[in-house]
Amino acid sequence: MSRRNGSYKTIEKALSRLTTAYICVSQFDYDLGVQSGVITSAHPARVIHNGVTALTGANKATSSEVFVLSMAARFDTPKRQDILIQALTYLPENLPIVCHFLGDGPSIEACKTLTHQLNLDGKVNFYGVVDNVQKYYSQSDVGVLISDYEALPISLVEALAQGLPIIASNVGGIQELIDHNGFLVTNDARQIAEKILTLYQSKKIAEVKANSYQMYQRHYTEHKMLEQTQAYYLRCLA
């Protein structure tokens with residue numbers, strides 16, 4: 001139910017007579033379902049957050065002088081890699097901050113062109129499709145997701161699993177992933193740059209990282225997701 005256009009709501013309502021119950025990946029989607037009349041007393045729902053298994057192994061060397069931002073997302077609507085690229089221009093040039101983009105899609109060439117036009121070729125890396133996002137997160141300092149709308153993105157859950165502070169657009173269910181472990185932002189390049197700088201300069205970055213990992217452990221493990229899903233299925237079948 002994360003789609004915003006009317007056609008999806010119409011389809012969901014039409015299929016409701018074949019549906020016993022819904023699973024929503026965020027409270028935001030649950031509330032949207034209630035508001036749109038898809039979730040009712042006859043067709044109830046439960047919020048079960050997306051969950052992942054944390055990749056264990058190599059962690060970013062603490063002695064590394066480069067502060068790495070990573071955004072894992074398809075280069076297509078609704079993602080806004082272009083705004084993150086623009087945000088880098090508002091950071092002091094001498095800061096050792098780089099941005100890694102993971103993913104591919106129709107807007108990647110435009111983002112590469114923008115990077116070149118803004119003289120950021122030394123600050124931005126495009127990795128294309130990768131086989132394991134968490135492997136790249138484990139070598140990063142901050143997980144970023146700038147987007148026009150979302151439900152509850154797996155990419156940020158994977159960032160939590162690697163104990164990364166989060167900077168993300170305040171859309172959809174993303175606010176459910178933030179609790180003293182990063183920042184919600186508007187899609188404004190200056191504001192995003194300000195939050196990047198705040199984390200870069202923070203003397204409590206270890207505490208922020210610990211908050212991210214604790215949130216992952218409390219709410220977003222694959223085990224918890226599967227356990228809750230199975231319990232809800234059994235309840236619906238009873």
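## Ground rules

The model is predicted: local features need pLDDT of at least 70, side-chain atom pairs count only at pLDDT 80 or more, and totals for chains, interfaces and linings use all residues. Residues are numbered from 1 along each chain as its sequence is written, and side-chain values use heavy atoms, with hydrogens and water left out.

## Nonpolar cores

The largest nonpolar core has 53 residues. A nonpolar core here is a set of buried Ala, Val, Leu, Ile, Met, Phe, Trp, Tyr and Cys residues joined through side-chain atoms within 4.5 Å. Buried means under 20% relative accessible area, exposed means over 50%, and partly exposed lies in between (1.4 Å probe, protein chains only). Those with the most contacts inside this core are Leu 69, Leu 84, Phe 101, Val 144, Ile 192, Ile 196 and Tyr 220. A second, separate core has five residues, including Tyr 22, Cys 24, Ile 39 and Ala 45.

In soluble globular proteins, nonpolar side chains tend to be buried together.

Take Val 144. Not counting residues up to four places away in sequence, Val 144 touches Leu 69, Ser 70, Met 71, Ala 72, Leu 84, Leu 156 and Ile 167. Contact means heavy atoms within 4.5 Å.

## Strands S3 and S4

Strand S3 spans residues 67-72, and strand S4 spans residues 97-102. Helices (H or I, at least four residues) and strands (E, at least two) are DSSP runs, numbered from the N terminus. S3 and S4 run parallel and are joined by six bridges. Two strands pair if DSSP finds at least two bridges between them. Ser 70 stands opposite His 100 in S4. Ala 72 has Leu 102 as its bridge partner in S4.

Six of the six residues of S3 are buried, so S3 is largely enclosed by the rest of the structure. Both faces are covered: Phe 67, Leu 69 and Met 71 lie on one side, with Val 68, Ser 70 and Ala 72 on the other. S4 is also largely enclosed by the rest of the structure, because six of its six residues are buried. Ile 97, Cys 99 and Phe 101 point one way from S4, while Val 98, His 100 and Leu 102 point the other way.

## Helix H6

Helix H6 covers residues 154-161. Seven of its eight residues are buried, so H6 is largely enclosed by the rest of the structure. The buried residues are Ser 155, Leu 156, Val 157, Glu 158, Ala 159, Leu 160 and Ala 161. Their cover includes S3, helix H5 (133-137), strand S6 (142-145), strand S7 (166-169) and helix H8 (205-219). Just after H6, Gly 163 takes a positive phi of about 65°.

Leu 160 lies in H6. Leu 160 counts as buried because its relative accessibility is 1%. Leaving aside neighbours within four places in sequence, Leu 160 is in contact with Ile 166, Leu 177, Asn 181, Ser 212, Tyr 213, Met 215, Tyr 216 and Tyr 220. Leu 160 and Met 215 are 55 residues apart in sequence, and 7.2 Å apart in space, C-alpha to C-alpha.

## Salt bridges

A search of the whole structure finds eight salt bridges. Each is a side-chain nitrogen of Lys or Arg within 4 Å of a carboxyl oxygen of Asp or Glu. One joins Lys 195 to Glu 194, with the closest N and O atoms 3.8 Å apart. Lys 195 counts as buried at 18% relative accessibility, whereas Glu 194 is partly exposed at 46%. Elsewhere, salt bridges that share partners join Arg 80, Asp 82 and Asp 148 into one network.

Arg 80 is partly exposed, with a relative accessible area of 25%. Another salt bridge links Lys 112 and Glu 109, whose closest N and O atoms are 3.8 Å apart. Both lie in helix H4 (residues 108-117), three residues apart, about one turn of the helix. Lys 112 counts as partly exposed at 34% relative accessibility.

## Surface patch

Ile 23, Tyr 233, Leu 234 and Leu 237 make a nonpolar surface patch of about 460 Å². Patches are made of residues with over 30% relative accessible area and no salt bridge; like charges are joined within 9 Å, and nonpolar side chains (Val, Leu, Ile, Met, Phe, Trp, Tyr) within 5 Å. Accessible areas come from the Shrake-Rupley method with a 1.4 Å probe; for residues, only the protein chains shown count as cover. Helix H9 (residues 222-237) gives the largest share of the patch, three residues. Tyr 233 lies in H9.
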